[in-house]
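Let's take a walk through this model, one piece at a time. Have the sequence and the 3D view open as you read.

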Amino acid sequence: MTPKIMIILGSGSDIAIAEKSMDILDKLEIPYSLKIASAHRTPNLVREIVIQGTDAGIEVFIGIAGLAAHLPGTIAAFTPRPVIGVPVDVKTAGMDSLQSIVQMPYPSPIATVGIDRGDNAAILAAQFIGLHDEEVHKRVVELRKEYARKVINSNEELIQPIDRPYINNNFLRIKDLEINKVEADEDARKCCKNMDAEVAIIVGRQTDVPVAKKVSAILDRLKITHDTKVVCPIRSNRKFINYVNSMKNAKIFIGVSSNSSQVTGGIVGITARPVIGVPCTNENGDDYMLTTVSMPPGVPVATVGINNGKNAAVLAGEILSIDNPEIVQLLDKLKDKKINL
């Protein structure tokens with residue numbers, strides 16, 4: 001059984017975070033490999049297991065590291081495969097690790113998840129693999145339903161037993177509610193310029209469009225079809241849902257947003273396909289990296305650096321290249337050109 005995913009720990013002390021990943025991968029029945037190798041103490045070991053792992057058929061790498069957390073970036077240096085980074089809380093509440101992993105230079109993205117979120121890293125890896133393995137995709141969809149049921153069931157388990165003078169537990173009791181799935185309107189296709197695109201780019205507001213244009217420019221160079229829509233899930237909820245549901249052929253969604261990053265959160269609530277998040281700075285200079293990356297269990301967002309639309313496009317290319325050698329070649333040319341500059 002050849003593993004599809006390799007999990008690399010920067011230290012044996014990170015094993016508890018790796019166990020979160022392994023629990024998910026066991027449930028999803030995806031074979032994986034687990035190694036310990038330090039980017040600083042054993043750099044040659046990292047290089048060899050990544051190169052040999054890639055040659056042997058590893059499709060996704062997960063790097064788990066704390067402190068300086070250079071391991072995911074080191075992994076990315078030796079493979080064209082997508083790399084998921086899991087920052088670990090060792091010091092400063094894990095913020096040092098998070099910044100080290102997510103703020104990667106172009107064209108070397110790391111699909112970063114929240115601090116200590118080994119579970120979300122495994123789900124994200126499964127979503128990547130599910131793009132060319134329908135059985136894995138179906139299992140991811142079922143896993144997401146489990147997370148949803150847990151939320152719904154908590155109303156009966158936690159809320160109903162509460163006994164207070166003024167609480168009415170039977171008002172809109174959740175177990176009795178009919179929860180309707182919102183389908184795309186018949187004319188919703190009109191909101192898409194290219195509804196057959198492989199990548200859908202959703203921009204939260206006009207001021208974030210320049211970052212989205214950087215995504216488009218790199219996707220064009222990688223010959224990946226894409227569509228772009230400016231729509232806010234808060235101000236135009238119906239249009240937002242219509243657009244996501246209409247992009248049925250999209251393999252990857254890229255959310256570009258500032259001001260609380262509701263775009264990426266809105267997308268992951270609708271689709272089980274991979275979502276890449278590009279946090280932006282607003283006119284006040286505030287950035288929204290934390291509100292993009294710190295997602296709850298079950299709904300990961302592959303976050304790249306602030307305003308780094310180019311890296312979002314490269315990451316999309318790496319994900320799609322798992323079963324497309326032509327994109328691997330285009331990525332190699334793109335990276336070589338950047339280095340030669």
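This is a predicted model: local features need pLDDT of at least 70, side-chain atom pairs count only at pLDDT 80 or more; totals for chains, interfaces and linings use all residues.

Residues are numbered from 1 along each chain as its sequence is written, and side-chain values use heavy atoms, with hydrogens and water left out.

Start with helix H2, residues 43-56. Helices here are DSSP runs of H or I with at least four residues, strands are runs of E with at least two, and both are numbered from the N terminus. Which residues of H2 are buried? They are Val 46, Ile 49, Val 50, Gly 53 and Thr 54, where buried means under 20% relative accessible area, exposed over 50% and partly exposed in between (1.4 Å probe, protein chains only). Seen down the axis of H2, these buried residues fall within an arc of 125°, so they line one face of the helix; the arc is that of the directions from the helix axis to the C-beta atoms. An α-helix has 3.6 residues a turn, so residues three or four places apart point the same way. On the other side of H2, Gln 52, Asp 55 and Ala 56 are exposed. The buried residues pack against strands E1 (5-9), E2 (32-36) and E3 (60-66) as well as helix H3 (71-76). After H2 comes Gly 57, with a positive phi near 120°.

Now for the cores. A nonpolar core is a set of buried Ala, Val, Leu, Ile, Met, Phe, Trp, Tyr and Cys residues joined through side-chain atoms within 4.5 Å. The largest one has 61 residues, and Ile 84, Ile 254 and Ile 276 have the most contacts inside it. Its largest share, 8 residues, comes from H5. Apart from it lies another core of 18 residues, Val 46 among them.

H5 (residues 118-130) also holds Gln 127, which counts as buried because its relative accessibility is 5%. A polar atom of the Gln 127 side chain lies 2.9 Å from the backbone oxygen of Ala 272.

Finally, look at Arg 221 in helix H7 (residues 209-221). Arg 221 is partly exposed because its relative accessible area is 41%.

How values were computed. A polar contact is a pair of N or O atoms within 3.5 Å; within protein, one must be able to donate a hydrogen and the other to accept it, and residues adjacent in sequence count only if both atoms are side-chain atoms. The expected span of a helix is 1.5 Å times one less than its number of residues. Contact means heavy atoms within 4.5 Å.
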